[in-house]
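Please open the model in your viewer and keep the selection tool at hand. The tour below moves from one selection to the next.

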Amino acid sequence: MSFVQTYRKPKVFGLTVLAGLVLGALAGWLGKGTWLAPVLAKIGSTFTALLQLTVIPLVFTAIVVGIASLRNLGGGRTAARLGGKTFLWFAITSFIAVLIGLAVAAIIKPGQGVQIEPAAGAVDKLAKRASGSWNALLDNLVPTNIFSAFTEGEVLQVVFIAVLVGFAAYALGEKAAPFTNLVRSFFDIVQKVVGWIILLAPIGIFGLIGNAVASYGNSFVRPLFSLIVAVYLGTAIVLFAVYPILLKFVGKTSPAEFFRKSWTAIQFAFVSRSSGATLPLSRKAATDLGVSPEYANFAVPLGTTTKMDGCAAVYPAVATIFIANLFGIQLSVWQYVGIVLVAVFGALATAGTTGWYTMLTLTLSVVGLPPQVIATGVAVVYAIDPILDMMRTATNVAGQITVPVLVARSEGLIEEPAEERELVNA
């Protein structure tokens, strides 16, 4: 067996990624304030740029192919039922996740007694940035120019276009077969490119983690430690308790088997901080767990852009309470209800690389905090966002794999789990 074939084996690749994580942290600690810090930053930014390059074409082709593939699972009623159940489980798990976020924040009370003042420039910069709102969500949903959605990287608009095109192809059937086959071929090409990029993950992770360790010192992280603990604890409960319980009693799937098959994807999501870039691994994990490929092609890409329990549920709940405590503001019962409603119905607002910001500011606006409080509070949490985003994204991806398993089990679309294969057919 060649070195490349051995390297692509999930267990070997996982150990290599772990080694990159540990060595990157060590390099960041040793290189803080030296020439090594910018080198680590460059390695990490280059790897991230490569990942982002594939997100738009991957999301579009995956959703179109996924919707068209539903024809193989039955008629229109079957497709509608699968879509309805998928969105229902998205909402149910988001509801559970936001309640856990609120409970953890109520116990830990992040931000209480903390005295911290962000840089005035950071506050002004974020105050000028477009905040999340229901009107902005609806306004940004439909593109005025189909091409600008792709060239400007508007993920939510690309999802909207992909859904329309996918259902049109589904409705046309054989008439759209040449187009569907073309998109499927493009999807395969994009997956191949992503596979090659993923093989660089240990190097990219080395730079990303190294840069994070070199960039953040105790002077700013220590006052925000309660926020970090609350976010990590809340997401960990969802990841390691809620999902396994649902998998065992609803999905009739062993939690141990789930983590064995999906751990590479979860680990990759943690260090890359990108659900979109993790999509090929998430889809493979779902099919390895027995989910029908036709349904996985639909549910996993859709979840990648709209199913984010870490960014859209746990984090906004914890961060909103943190900011309220930071300014000594007592939230009412109805404001807590508002946080829950945003988490359940606002998941679409998280689509894209700025999802956490959109969702947090949308939640803060619904709660009714003053604009200056919102700008200052977001500037504070923004400083440590990369640290928080790693665990948020890992939780997002675990949920994006869990829901297809739950729905597939209820629809009889679970096959015998596939034997462990190479990570990517690069």
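**A tour by selection**

Begin by selecting Arg392 and Tyr315: the charged end of Arg392 sits over the ring of Tyr315, 4.3 Å from its centre (a charge sits over a ring if NZ of Lys or CZ of Arg is within 6 Å of the ring centre and within 35 degrees of the ring normal). This is a predicted model, in which local features need pLDDT of at least 70 and side-chain atom pairs count only at pLDDT 80 or more, while totals for chains, interfaces and linings use all residues. Residues are numbered from 1 along each chain as its sequence is written, and side-chain values use heavy atoms, with hydrogens and water left out.

Next, select Phe47 and Phe268, whose ring centres are 6.3 Å apart with planes at 85°, so the pair is edge-to-face (rings of Phe, Tyr and Trp, the last by its six-membered ring, pair if their centres lie within 6.5 Å; planes under 30 degrees apart count as stacked, over 60 as edge-to-face and the rest as tilted). Phe47 lies in helix H3 (residues 36-69) and Phe268 in helix H13 (residues 255-272), so the pair ties together parts that are 221 residues apart in sequence; helices are DSSP runs of H or I with at least four residues, numbered from the N terminus. Both Phe47 and Phe268 are buried (under 20% relative accessible area, with exposed over 50% and partly exposed in between, using a 1.4 Å probe and protein chains only).

Staying in helix H13, select Phe259 and Trp263, which are 4 residues apart and separated by about one helical turn. Phe259 counts as buried at 16% relative accessibility, whereas Trp263, at 39%, counts as partly exposed.

Finally, select helix H19 (residues 371-382), where 9 of the 12 residues are buried, so the helix is largely enclosed by the rest of the structure.

Conventions: Helices (H or I, at least four residues) and strands (E, at least two) are DSSP runs, numbered from the N terminus. The expected span of a helix is 1.5 Å times one less than its number of residues.
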